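Please examine the sequence and the three-dimensional structure shown below. The paragraphs that follow lead through them step by step.

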Amino acid sequence: MAYWLMKSEPDVYSYDDLVREGEGTWDGVRNHLAAQHLKAMQVGDQALFYHSNIGKEAVAVMTISGAAIPDPTEPEGTRWVAVKVKPLRKLSRSIPLAVIKGEPRLAEMAMIRQSRLSVSPVRDSEWAVLMELASENGG
DNA sequence: GCCAACGTTGGC
DNA sequence: GCCAACGTTGGC
């Protein structure tokens, strides 16, 4: 199972919106590297839901419920893709970007190294650190 | 609101 | 094929 981090501006689409929907389609990705990551996702993978711009924090964990399909917001024939996601759990403590940046063990995270990438992989070791930061008694 | 990073477009 | 101009993302 792989781990990911996916960004969304909460005033456009927030974690609460996903909870309300039950299952969401992660579409609108228009970056080739991000799209590559979408294609690599498998059902059962887990992803951090990160609120960009407003909040700037990871707020929840979701699970990939459907592998890559042609992006329904694009006309047929284009190669952009979307995946299906379902909410899993809200983090006990959300993880602000500042905390991620201040954690040396997360310095190599893809989202830190390339801040504008909206879909990025998270290593197992990084995931463990993030979950530690998100727990009530960890850190 | 500003600006850095990055991608895309178009002139040459 | 290079590179300047421009648009977008997203942090500050």
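**Contacts with DNA and the sheet**

A phosphate oxygen of DNA strand C lies 3.1 Å from an N or O atom in the side chain of tyrosine 50. This is a polar contact, that is, a pair of N or O atoms within 3.5 Å; within protein, one must be able to donate a hydrogen and the other to accept it, and residues adjacent in sequence count only if both atoms are side-chain atoms. The model is predicted: local features need pLDDT of at least 70 and side-chain atom pairs count only at pLDDT 80 or more, while totals for chains, interfaces and linings use all residues. Residues are numbered from 1 along each chain as its sequence is written, chains are lettered from A and ligands numbered from 1 in the order in which they are written, and side-chain values use heavy atoms, with hydrogens and water left out.

Of the atoms of DNA strand C within 4 Å of the protein, 73% belong to sugar and phosphate.

Around DNA strand B stand Asn31, His32, Gln114 and Arg116. Here, sugar or phosphate supplies 46% of the DNA atoms within 4 Å of the protein, and bases supply the rest. An N or O atom in the side chain of arginine 116 is 2.6 Å from a base oxygen of DNA strand B.

The description now turns to the protein fold. An open sheet of 6 strands has the order β2-β5-β4-β3-β1-β6, with mixed pairing. Strands (E, at least two residues) and helices (H or I, at least four) are DSSP runs numbered from the N terminus, and two strands pair if DSSP finds at least two bridges between them. Strands β2 (24-26) and β6 (119-122) are at the edges with a single partner strand each, so one side of each has no neighbour in the sheet.

Strand β1 (residues 3-8) pairs with β6 in the antiparallel sense over 4 bridges. Tryptophan 4 has proline 121 in β6 as its bridge partner.

Notes: A residue is near a molecule or strand if one of its heavy atoms lies within 4 Å of it.
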